Amino acid sequence: AMASVILLEPYVFRVKDTGRASEYMPQEFVFLTDRRDITVVVARSLFGPLPERKVVLLVDTSGSMVSYLTDVKAALNLALLQQFHGSERMFTIMGYSGHQHAFSPGLVDCTTQNVEDAMRFCELMEAGGASKILDGIRQAFKIKGIEALYVITDGKCDVGEEFLAQVRALYFRHPARPRIHTVGINCVPHRLTYKGLQALASMTQGSFRPVCLQQEVPDPVAEVLGARGGGLGAGLQRGMAATTTSSPSETAPLPCLPHW
């Protein structure tokens with residue numbers, strides 16, 4: 001975006017919430033500057049538009065994801081509401097760590113009840129255990145009718161050559177050849193994890209989406225009070241309220257961001 005700049009005048013840079021799937025998170029920056037040219041780094045949304053009709057969302061719920069899981073749940077809720085609810089698509093959600101747990105054994109329609117149940121399933125996800133990404137992909141490939149698999153992970157797992165060779169064998173044995181799209185959270189650009197997730201997506205004609213999320217510090221007191229305080233937000237309206245937006249203080253370190 002281009003704008004005229006008057007020196008030392010307060011400016012607001014805003015990415016608005018459009019109510020639809022967007023490339024970037026809604027966010028706002030307020031700043032003063034003494035420069036005529038500035039660069040604003042904006043946070044990318046966890047999911048962009050999901051084009052496929054029959055989709056499996058595979059979430060890394062291993063211990064290393066504890067800092068990101070709240071944002072991942074919010075992004076899943078938003079995707080369910082904006083891109084699935086009331087559509088003719090089919091979906092399911094799976095979590096993987098030491099073992100796999102699925103919202104449903106197969107793909108389901110996007111009815112209001114199914115979307116609410118899926119949001120409830122996401123809310124109950126907890127981080128813990130090892131990250132066995134290969135087992136998660138293997139289990140997801142058993143679901144009938146799958147066209148695409150979206151893997152959300154921080155990459156704290158083995159994505160080396162042996163892993164890629166095993167996924168390649170799974171992919172070419174599958175009659176539908178589903179694409180694997182990878183979402184890499186806070187992966188350092190061009191290091192082993194970044195390259196591994198990128199190679200996994202490229203190998204299956206999918207896309208690699210590097211994103212940055214601020215790490216949350218768990219608050220044990222708040223968790224105890226929350227556990228005592230009551231109910232799970234089950235309705236679609238409460239699910240929408242649970243989604244988050246970024247603020248200037250929530251931007252990630254500069255080297256991790258893919259867009260300038």
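This is a predicted model: local features need pLDDT of at least 70, side-chain atom pairs count only at pLDDT 80 or more; totals for chains, interfaces and linings use all residues.
Residues are numbered from 1 along each chain as its sequence is written, and side-chain values use heavy atoms, without hydrogens or water. Local features need pLDDT of at least 70, side-chain atom pairs count only at pLDDT 80 or more, and totals for chains, interfaces and linings use all residues.

Start with the rings. Rings of Phe, Tyr and Trp (its six-membered ring) pair if their centres lie within 6.5 Å; planes under 30 degrees apart are stacked, over 60 edge-to-face, and the rest tilted. The count comes to 5 aromatic pairs. One of them joins Phe84 and Phe91: the centres are 5.4 Å apart and the planes stand at 50 degrees, so the pair is tilted. Phe84 is buried, at 0% relative accessible area. Phe91 is buried too, with a value of 0%. Here buried means under 20% relative accessible area, exposed over 50%, and partly exposed in between (1.4 Å probe, protein chains only).

Phe91 also pairs with Phe103. Their ring centres lie 5.9 Å apart with planes at 5 degrees, so this pair is stacked. Phe91 sits in strand 4 (residues 90–96), and Phe103 in the loop between strand 5 (100–102) and strand 6 (108–109), so the pair ties together parts 12 residues apart in sequence. Helices (H or I, at least four residues) and strands (E, at least two) are DSSP runs, numbered from the N terminus. Phe103 counts as buried at 18% relative accessibility. Phe84, Phe91, Phe103 and Phe121 make up one aromatic cluster.

Arg89 lies over the face of Phe84, 4.6 Å from the ring centre. Arg177 lies over the face of Tyr171, at 5.9 Å from the ring centre. The rule asks for NZ of Lys or CZ of Arg within 6 Å of the ring centre and within 35 degrees of the ring normal.

Now turn to His181, in strand 8 (residues 179–185). His181 is buried, with a relative accessible area of 6%. Its side chain makes a polar contact of 2.9 Å with that of Ser207. Such a contact is a pair of N or O atoms within 3.5 Å; within protein, one must be able to donate a hydrogen and the other to accept it, and residues adjacent in sequence count only if both atoms are side-chain atoms.
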